[in-house]
Amino acid sequence: MDPLFAPPADTWHPVSPKLRTMHRLLTVVWTLVIAGVVMAIVALTLQWWWLVGLVGAAAVAVAVWGWMWSARNQAAWGYAENAEDLWIRHGVAWRQIVAVPYGRVQYVDVTAGPLERSYGIAKVSLHTASSSTSAAIPGVPAGEATRLRDRLTELGKTRGSGI
């Protein structure tokens with residue numbers, strides 16, 4: 001591991017593998033829907049069968065790329081807690097680490113859309129006074145999201161922030 005992106009605590013906590021499954025499902029479904037519409041329009045209006053085949057081949061390539069990207073994206077997300085900060089890492093090609101001091105956290109959001117709820121995962125977002133600071137962890141298991149929300153809220157209170 002690159003020491004620049006080494007965990008500040010013992011290890012990085014990975015996000016749920018269900019995030020990868022959800023991204024794969026969304027990639028395949030949206031690719032099929034968009035490719036199906038484009039192929040139907042081309043077939044009905046132009047009747048250029050070579051173009052229909054080309055769009056179909058491109059859709060398969062996009063679906064395969066999305067399938068592989070989902071695994072790498074999920075593996076790149078992680079977070080670590082130490083005594084003073086919450087660290088979040090993400091990014092495959094362009095890696096990024098964000099450290100948010102507990103005393104800077106103003107409030108914590110936990111959100112989950114219908115698809116995320118069906119997979120039992122949520123997104124935990126930390127908000128600070130700075131509008132440029134964004135710290136969010138997608139794909140956190142629901143129980144862990146609850147624990148993280150409660151812990152961050154408690155640490156924010158004890159560190160004198162505005163949670």
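Modeller: Let's begin with W65 and W69, which are 4 residues apart in helix 2 (residues 49-76) and therefore separated by about one helical turn. Helices here are DSSP runs of H or I with at least four residues, strands are E runs of at least two, and both are numbered from the N terminus.

Colleague: Before we go on, what sort of model is this?
Modeller: This is a predicted model, in which local features need pLDDT of at least 70, side-chain atom pairs count only at pLDDT 80 or more, and totals for chains, interfaces and linings use all residues. Residues are numbered from 1 along each chain as its sequence is written, and side-chain values use heavy atoms, with hydrogens and water left out.

Colleague: Thanks! How many aromatic pairs does the structure hold?
Modeller: There are 2 aromatic pairs. Rings of Phe, Tyr and Trp (its six-membered ring) pair if their centres lie within 6.5 Å; planes under 30 degrees apart count as stacked, over 60 as edge-to-face, and the rest as tilted. W48 and W50 are stacked, at 5.9 Å centre to centre with 15° between the planes. W65 and W69 are stacked too, at 6.2 Å and 20°.

Colleague: And is W65 buried or exposed?
Modeller: W65 is exposed, with a relative accessible area of 54%, while W69 is partly exposed at 32%. The cut-offs are under 20% for buried and over 50% for exposed, with partly exposed in between (1.4 Å probe, protein chains only). In the other pair, W48 is partly exposed at 40% and W50 is exposed at 58%.

Colleague: Switching topic: where does T27 lie?
Modeller: T27 lies in helix 1 (residues 17-46), and at 19% relative accessibility T27 counts as buried.

Colleague: What is T27 in contact with, leaving aside its neighbours within four places in sequence?
Modeller: V62, A63, G66 and S70, where contact means heavy atoms within 4.5 Å. The T27 side chain also reaches the backbone oxygen of H23 at 2.8 Å.

Colleague: Nice. In what order do the strands of the open sheet come?
Modeller: The order is 5-6-7, with antiparallel pairing; two strands pair if DSSP finds at least two bridges between them. Strand 5 (105-111) and strand 7 (135-141) each have a single partner strand, so one side of each is left without a neighbour in the sheet.

Colleague: Over how many bridges do strand 6 and strand 7 pair?
Modeller: Strand 6 (residues 121-128) pairs with strand 7 over 5 bridges, and L126 stands opposite A135 in strand 7.

Note on methods. Polar contact = N/O pair within 3.5 Å; in protein donor to acceptor, adjacent residues only side chain to side chain.
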